[in-house]
Amino acid sequence: MESYLLFSFSKETLNYTVINSILHDLDVVLNNEMFSPIIKRNIYMISSECIENMCKYGIHNLPDAPLQFSIEIVKSTIIFRSSNAIETKHKLKLETYLRFVNKLSERDLKKHYISVINTQKKTEKGGAGLGILIMKRKSNTPFEFSFEDFSKKNTIFTNIITLSLEKMKVYRIQSTKHTPFIQFDLKQEKLEISGQSRPEDADVFYAIVCKWIENHKKGFTNMQNPILRVDLEYYNSSSLKNIVRLIKTIVEYSSDTLTIEWLYENDDDLAQEEALEIAEVVKKQFVLIEK
Amino acid sequence: MKNISITGSPKTPEVNFDYEKGIVEIKGRSIPENSIEFYKPMIDWLEDYTKAPQSKTIVNIQLEYFNTSSSKCILDVFKKLEILAKDNKDVEVNWYYEEDDEDMLEAGEDYQSIIRIPFKMIEIDE
């Protein structure tokens, strides 16, 4: 599985105008990625909390210790890394708090969050604790943090937050003029591909879909009675080989109870024949449904 | 009482507070630079509203996401509405969340556990 850098920056200083433009850039990057809307929202929220905290609590204007942030995709996880200098005298407090948050169970984290939001006085400066709680709740994995002595007064604080894509049980791509609607709902056990498929670059389009399936192998295997419904009005030849590969992958990961429903237009003998051929290639019987 | 009507932006939600209709609506993203400043007119409006409220108040909250500082301000909004409920006024809170967005559903449940007003959780299609 490929790993790549999704987003990063390194700044000597940050303010709200800069943060706005950073978040705008992140929005653009996310819109070009085939993540589901929920993953996009999670990435955006964790990033904005993280960057705001860096801006508020990091020490600015240290050329050798800039405010750094990156988002990396590694296998089925998204890794957020932030690094900034803090005043050494605050290290112990921060470390203690992060250790405390890391130890909280999901339930206790929720309880603690509710009590903090309900009792803490809101101040413009305050809220770092709350941001940390939100990031922990979103990612649901412990923070990996470290401190490195930088100067007498300052320490570099690095924090790594991991968001697992496995957590996401539904994958959805809205249809466009050239691309199909795709939805894999592992909870409801309903998989669907419908509409038109003639993307500009079918290989790229379907590679991303296949990647999601790869990342959710277990989810596919664990479904009891999954149904894959294919209702394609039109697909071009470069889509066809990708669709075949996609179905093959789903068949491979799903249990034998998988049902594939293939819908075709009334009287379209050619489509019916083609469906039978695909069924043969993927080694799975289709339930042909005339529309 | 003047109504509040603010159009949404990528950083701030659409806001509609309608006195005559007894409607309080916040929709969209809430990540303003200064949440306290952004929410202050709403808190002030609600403060006045509680003095002469309609017999029924309908609250529609449909947030895509909000940052930590907004989360406290939103709680302040609910705390004002809680006063109405304590005065035996009818307050209906509709918390909208997008299909499958368990995080936003959970955020609604968090507020509900603090505020003594029942929430109606409404799932919407994207």
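In the predicted model, chain B contains three helices and six strands, and these elements follow one another along the sequence in the pattern β-β-β-α-β-α-β-α-β. The C-alpha trace of chain B extends over about 35 × 30 × 25 Å along its principal axes. Because a compact globule with 126 residues would have a radius of gyration near 14 Å, the value of 14 Å computed for chain B agrees with that expectation. Of the 126 residues in chain B, 35% are buried, and among the contacts with a separation of 6 or more, 70% are accounted for by residues 24 or more positions apart.

Helix H1 of chain B, spanning residues 35–49, forms a right-handed β-α-β unit together with E3(B) and E4(B).

Strand E4(B) is also joined to strand E5 of chain B, residues 90–98, by seven bridges, and these two strands likewise run parallel. Here Gln62(B) is positioned opposite Tyr96(B) of E5(B). A right-handed β-α-β unit is made by E4(B), helix H2 of chain B, which covers residues 68–86, and E5(B).

Definitions and conventions:
Residues numbered from 1 in each chain as written. Chains lettered and ligands numbered in written order. Predicted model: local features only at pLDDT ≥ 70, side-chain atom pairs only at ≥ 80, totals over all residues. Helix = DSSP H or I, 4+ residues; strand = E, 2+ residues; numbered from the N terminus. Rg over C-alpha atoms; globule rule 2.2 N^0.38 Å. Buried ≥ 20, exposed ≤ 12 C-beta atoms within 10 Å, placed from the backbone. Contact = placed C-beta atoms within 7 Å. Right-handed = clockwise from strand over helix to strand, strands pointing away. Pairing = 2+ DSSP bridges.
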